[in-house]
Amino acid sequence: MTSTVLSIGSNIGDRLARLQSVVDGLGSAVRAVSPVFETDAWGGVEQSPFLNAVLIADDPGLDGHGWLRRGQELEQAADRVREQKWGPRTLDVDLVTCHDDDVEVQSRDDDLTLPHPLAHLRAFVLIPWLAVDPDATLTVVGRSRRVAHLLEEIDPAERTGVRRTDLTLTLRTEAAAD
């Protein structure tokens with residue numbers, strides 16, 4: 001079974017609807033959805049704040065490249081345009097990590113680097129991830145580290161810049177029960 005941790009974000013248009021489109025697009029593969037957080041833009045480009053969340057999903061038919069293609073398809077459906085590195089986005093779907101059963105997938109392909117090379121530096125990834133998996137680990141420079149410890153190493157100002165909202169994303173199974 002291949003599982004993945006996806007970091008999703010949007011800062012253009014109906015940000016919440018864009019995030020919900022990922023949950024809906026992945027359907028029954030989604031196993032957990034974090035709360036929604038608002039975060040100031042990261043990377044030095046002046047722009048509006050993002051809504052961010054983390055999803056945990058699994059699908060025995062997808063490997064790391066399959067998850068990458070699926071994320072890119074969801075971005076394209078949201079009219080994602082790649083004009084500026086770390087610029088404004090209708091939707092950003094990043095693969096943070098993938099596991100094949102209990103083994104973390106390592107990839108250094110031109111198209112796919114796993115685990116995500118900057119995830120351990122991003123409070124907007126780590127905080128939502130911990131909300132759905134308090135025991136999460138991530139390999140950083142060849143060493144498995146607890147995500148909670150990685151978060152402690154991030155500047156406190158950046159951590160406080162990740163603000164939990166009252167907004168929620170709904171799993172399809174929850175929507176069907178309503």
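Residues are numbered from 1 along each chain as its sequence is written, and side-chain values use heavy atoms, with hydrogens and water left out. Because the model is predicted, local features need pLDDT of at least 70 and side-chain atom pairs count only at pLDDT 80 or more, whereas totals for chains, interfaces and linings use all residues.

Strands are DSSP runs of E with at least two residues, and helices are runs of H or I with at least four residues, numbered from the N terminus. Two strands are said to pair if DSSP finds at least two bridges between them. By this criterion S1 and S4 pair in the antiparallel sense over eight bridges, with isoleucine 8 standing opposite alanine 53 in S4. Three bridges join strand S2 (residues 30-33) to S4, and these two strands run antiparallel. Strand S3 (residues 37-39) also pairs with S4 in the antiparallel sense, over three bridges, and threonine 39 stands opposite phenylalanine 50 in S4.

In a regular strand the side chains alternate between the two faces of the sheet. Both faces of S4 are covered, with Phe50, Asn52, Val54, Ile56 and Asp58 on one side and Leu51, Ala53, Leu55 and Ala57 on the other, all of them buried (under 20% relative accessible area, where exposed means over 50% and partly exposed lies in between, with a 1.4 Å probe and protein chains only). Helix H3 (residues 123-132) is likewise largely enclosed by the rest of the structure, because eight of its ten residues are buried.

Side chains of opposite charge can pair when their charged atoms come close. A salt bridge is counted where a side-chain nitrogen of Lys or Arg lies within 4 Å of a carboxyl oxygen of Asp or Glu, and the count comes to nine salt bridges. Aspartate 58 forms one of them with arginine 31, the closest N and O atoms being 3.0 Å apart. This pair links distant parts of the chain, since aspartate 58 is in strand S4 and arginine 31 in strand S2, 27 residues apart. Aspartate 58 counts as buried, at 15% relative accessibility.

Another salt bridge joins aspartate 40 to arginine 163, with the closest N and O atoms 3.3 Å apart. Aspartate 40 lies in the loop between S3 and S4 and arginine 163 in strand S11 (residues 162-164), so the pair ties together parts that are 123 residues apart in sequence.
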